[in-house]
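Visitor: I am new to this structure and would like to know how its features get their names. Could you show me around?

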Amino acid sequence: MAGVSTARPRDFVGYGDNPPQFSWPGGKKVAINFAINYEEGTERSPLVGDDSRDSRTWVRSALPETERDLMQEGEYEYGTRVGIWRLLRLFKEFDVPFSVFLSSEALLANPALGERLKTENCDIASHGTRSISRVGLTEEMERADFRRSVEQTLEITGKRILGAFPRPPITDNSRRVMAEEGLLYDSATSNDDRPYFADVSGRPMLLLPYALDTNDARFWGGQTGPGYTGSTDFFDYLKDAFDVLYRESGESATMMSIGLHARIMRPGRVASIIRFLEYVSKFDGAWVGKRSDIAAHFARLFAPENAWNIDVISSLP
């Protein structure tokens, strides 16, 4: 249609058909990051004054939302009592690092985990202070919550947060707040298979895309795509995703994020992660890395001089 502009203030092009030529450390082709979303104990609950409970579980309830349902609460408690420790043992067994998308108040509910994370081979990204919707937050409220999550995490674990995957929704302010508060990268996007730099208030900021398809949340079904029903579903999807990325990464390396939740990782589901770790261990070009290490390697190769907070990589391997 003549006279109609198709321009949009968004980047629909990205790398297009010309991705950057590079590899991960040691010439690796695919960087794999396991991201444990640890938020159990911070969900909505009448016990802490919320006007409704969190019902994102497999348990259906006939009770009013304003009342507690102990069966629904038990789904979250499984993550703190069993699921998180299962994942830590598994990553130690395979000697692979991982990342934690942490709702920081969860460590107040499980102090033993906070102590354990001090020595685990992991990094931590901010997932806010609580696992609740951020609808209606002002910029000031969003900034205050972010600062609190960073401070709590450092105080409890001794680890500095360098990136974030905030609870949705992600507003126009979110990325700018991250940049202004000193973060190296933002993971609140799923629009690429490689890191890239995006404009934030006139300066480039590093983005490390996350993924909702290679994610155990699909065991819930419907929220992030067709649901997984068993470990074979999840393993097959992870294997296929890795195989395609590996095939495409001859000259331009790629990144694969695998999202996990402690309360979802029951025995029949974690079997898929065991099988996947066994599978990718056979590939010389696979690199399992922490999110901060992936960010630092890419930034050292491609960061513009005026990129946000690029100086923090001097503290990383």
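**Around a helix and a pocket**

Guide: Gladly! This is a predicted model. Let us begin at the start of α5, where a side-chain oxygen of Thr-171 comes to within 3.1 Å of the backbone nitrogen of Asn-173.

Visitor: Which residues of α5 are buried, and what covers them?

Guide: Ser-174, Arg-176, Val-177, Met-178 and Ala-179 are buried. Their cover includes α4, β4, β5, β6 and β7. Just after α5, Gly-182 has a positive phi of about 100 degrees.

Visitor: Why is Arg-263 called buried?

Guide: Buried means under 20% relative accessible area. Arg-263 has 1% relative accessibility, so Arg-263 counts as buried. This residue sits in the loop between β8 and α7, and its side chain makes a polar contact with the side chain of Glu-39 at 3.1 Å.

Visitor: What lines the largest pocket?

Guide: The lining has 20 residues, and Arg-10, Asp-11, Arg-175, Tyr-196 and Ala-198 lie nearest the centre of the pocket. The volume is about 720 Å³. Both α5 and β6 supply at least two lining residues, with β6 giving the largest share, five residues.

Visitor: How many of the lining residues are nonpolar, polar or charged?

Guide: Nine are nonpolar, four polar and seven charged.

Technical notes:
Residues numbered from 1 in each chain as written. Predicted model: local features only at pLDDT ≥ 70, side-chain atom pairs only at ≥ 80, totals over all residues. Heavy atoms only, no water. 1 Å grid on protein atoms, 1.4 Å probe; cavity = no way out; pocket = protein on both sides within 12 Å on 5 of 7 lines; lining within 4 Å. Points joined across faces, edges and corners; volume = space filled by probe spheres on them. Helix = DSSP H or I, 4+ residues; strand = E, 2+ residues; numbered from the N terminus. Nonpolar A, V, L, I, M, F, W, Y, C, P; charged D, E, K, R; others polar. Buried < 20%, exposed > 50% of the residue type's maximum accessible area, 1.4 Å probe, protein only. Polar contact = N/O pair within 3.5 Å; in protein donor to acceptor, adjacent residues only side chain to side chain. Contact = heavy atoms within 4.5 Å.
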